[in-house]
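Here is a short tour for anyone meeting this structure for the first time. Have a look at it, then read on.

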Amino acid sequence: MNLYELVKPLLFTLSPERAHSMAIFALKYGLMPSESSAYSSSLSQNLWGLDFPNPVGLAAGFDKNAEVYQAMLEQGFGFVETGTVTPVAQSGNDKPRIFRLTEDKAVINRLGFNNKGLNYYFSKLQNRNSENGIVGANLGANKLSKDPINDYVIGLKKLLGYADYFTINISSPNTPGLRALQGREALDELLTKLKLARREAVLQKEPPLILKIAPDLKSDECEDIAEIIMKHEMDGLIVSNTTLSRDSIKSSKKNEDGGLSGEPLFKLSTKIMSRMYSLTDGKIPLIGAGGVSSGADAYAKIRAGASLVQLYSALVYYGPGLVRKINSELELLLKEDGFSNITEAIGLDHK
Ligand SMILES: Cc1cc2nc3c(=O)[nH]c(=O)nc-3n(C[C@H](O)[C@H](O)[C@H](O)COP(=O)(O)O)c2cc1C
């Protein structure tokens with residue numbers, strides 16, 4: 001039995017938000033043992049000029065204020081995405097606002113971008129040693145913003161040079177109107193402004209800009225997004241954020257408002273990601289998120305077109321030891337199929 005199996009019953013007596021705060025506290029103050037052994041070279045790849053030691057990343061929302069990314073890298077993640085950060089601090093929706101759907105190995109959240117704001121977040125990234133691992137910044141807009149598009153520009157301008165990549169999160173279901181930025185005209189304007197801001201910063205190395213989309217997009221919406229990200233030569237796409245759908249959920253908490261994540265999201269998010277791979281002719285690197293909790297899940301996303309994967313909800317049910325387990329399983333699966341490196345398996349289902 002691993003350490004997490006011992007503490008899990010205790011953690012589950014607490015509300016999910018309290019349990020999360022305790023995890024952040026333990027990580028902040030070095031109370032979590034770190035994983036230090038190296039990964040097989042079959043799991044490593046260079047993407048966007050960044051060396052990923054393994055393809056399993058921490059999805060946004062766990063380290064909203066960029067306080068524990070180093071400790072999470074030390075849990076074995078190949079990269080960590082911090083945020084979502086908004087320009088101004090905000091408290092989010094009323095509690096309770098996170099729910100465990102234990103029978104479904106799922107989570108519903110309606111946090112609404114609670115975070116300490118851009119200045120605090122910047123102070124946490126400012127003195128980072130970039131040699132210690134890959135850290136992304138996930139940007140969002142304030143709930144009461146009069147100009148949501150400008151919120152992303154503000155976030156990017158402030159943090160350029162301090163994060164290895166940027167995720168433009170226009171897919172949280174918990175900020176009214178945010179998902180409308182996935183629409184054709186709004187997205188076109190948003191990406192035009194962000195690319196301009198990046199160019200104007202005249203950096204030695206331009207960090208990749210990655211768009212994060214919802215799994216609830218209709219077929220024509222996917223086509224529009226594909227067309228616009230190709231036009232703007234976006235660097236990558238994360239598929240997906242949480243879903244508003246509740247198909248085949250058993251738990252009595254299924255009717256709580258918010259975005260659903262975890263195991264039941266796996267099929268839908270992988271399907272949409274696979275479609276985006278086809279629509280972009282496999283030319284834009286994809287990060288597959290949604291219901292990953294095993295090496296087989298990660299491998300399925302990779303074969304469907306993901307270059308990297310991310311997870312969050314599975315940590316709630318299996319603890320941080322899962323990261324190493326997924327990577328070991330993935331290494332084995334690649335070997336069984338005769339691949340010497342993960343890049344050989346990307347998009348294989350489409351060939
Ligand atoms: C409690 C919670 C908070 C989240 N907060 C954010 C967030 O701030 N920004 C974001 O882009 N995604 C957020 N997400 C979505 C995750 O990053 C991820 O896309 C989604 O949960 C699917 O992955 P999973 O099934 O492995 O959890 C959150 C998810 C959860 C469960």
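## A serine tucked into a loop

S42 is buried, with a relative accessible area of 9%. That is under the 20% below which a residue counts as buried. Keep in mind that you are looking at a predicted model.

Where does S42 lie? You'll find S42 in the loop that runs between α2 (16-28) and β1 (45-47). Leaving out residues up to four places away in sequence, S42 touches E331, L334, S340, N341 and I342.

## Another buried serine

Now jump to S172, in the loop between β8 (165-169) and α6. Is S172 buried or exposed? S172 is buried, and its relative accessible area is 6%.

Setting aside neighbours within four places in sequence, S172 is in contact with F113, L178, R179 and N241. As for L58, S172 and L58 are 114 residues apart in sequence and 17 Å apart in space, going from C-alpha to C-alpha.

## Helix α6 and its two partners

Let's start with helix α5 (residues 148-159), which packs against α6 at an angle of about 20°, with the two axes 10 Å apart. The two helices α5 and α6 are therefore roughly parallel to each other, and α5 passes α6 in a right-handed crossing. On the α5 side, the contact is made by I149, Y152, V153, L156 and K157. On the α6 side, A186, E189, L190, K193, L194, A197 and R198 take part.

Helix α6 (residues 184-200) also packs with helix α7 (residues 219-231), at an angle of about 20° and with axes 10 Å apart. That makes α6 roughly parallel to α7, since angles under 35 degrees count as roughly parallel. Here, too, there is a right-handed crossing, with α6 passing α7. Which residues meet? From α6 come R184, L187, D188 and L191, and from α7 come D224, I225, E227, I228, I229 and K231.

## A look at α7 itself

Helix α7 has 13 residues, which should span 18 Å at 1.5 Å a residue. The end C-alpha atoms of α7 are 19 Å apart, so the two values agree.

Inside α7, the residues C222, I225, A226, I228 and I229 are buried. What covers them? The cover includes α6, β9 (209-213), β10 (236-239) and α8. After α7 comes E233, whose phi is positive, near 50°.

Helix α8 (residues 266-279) has 14 residues. From its first C-alpha to its last, α8 reaches 20 Å, close to the 20 Å expected at 1.5 Å a residue.

Several α8 residues are buried: F266, S269, T270, I272, M273, M276 and Y277. Why do they sit on the same side of α8? Because they cover an arc of only 165° around the axis. On the other side of α8, K267 and K271 are exposed. Just after α8, D281 takes a positive phi of about 55°.

Methods. Residues numbered from 1 in each chain as written. Predicted model: local features only at pLDDT ≥ 70, side-chain atom pairs only at ≥ 80, totals over all residues. Heavy atoms only, no water. Helix = DSSP H or I, 4+ residues; strand = E, 2+ residues; numbered from the N terminus. Expected span 1.5 Å × (residues − 1). Buried < 20%, exposed > 50% of the residue type's maximum accessible area, 1.4 Å probe, protein only. Arc of directions from axis to C-beta. Axes fitted to C-alpha atoms, helices over the stretch in contact; angles between N-to-C directions. Parallel < 35°, antiparallel > 145°, perpendicular 65-115°, else oblique. Left-handed = near helix turned anticlockwise from the far one by under 90°. Contact = heavy atoms within 4.5 Å.
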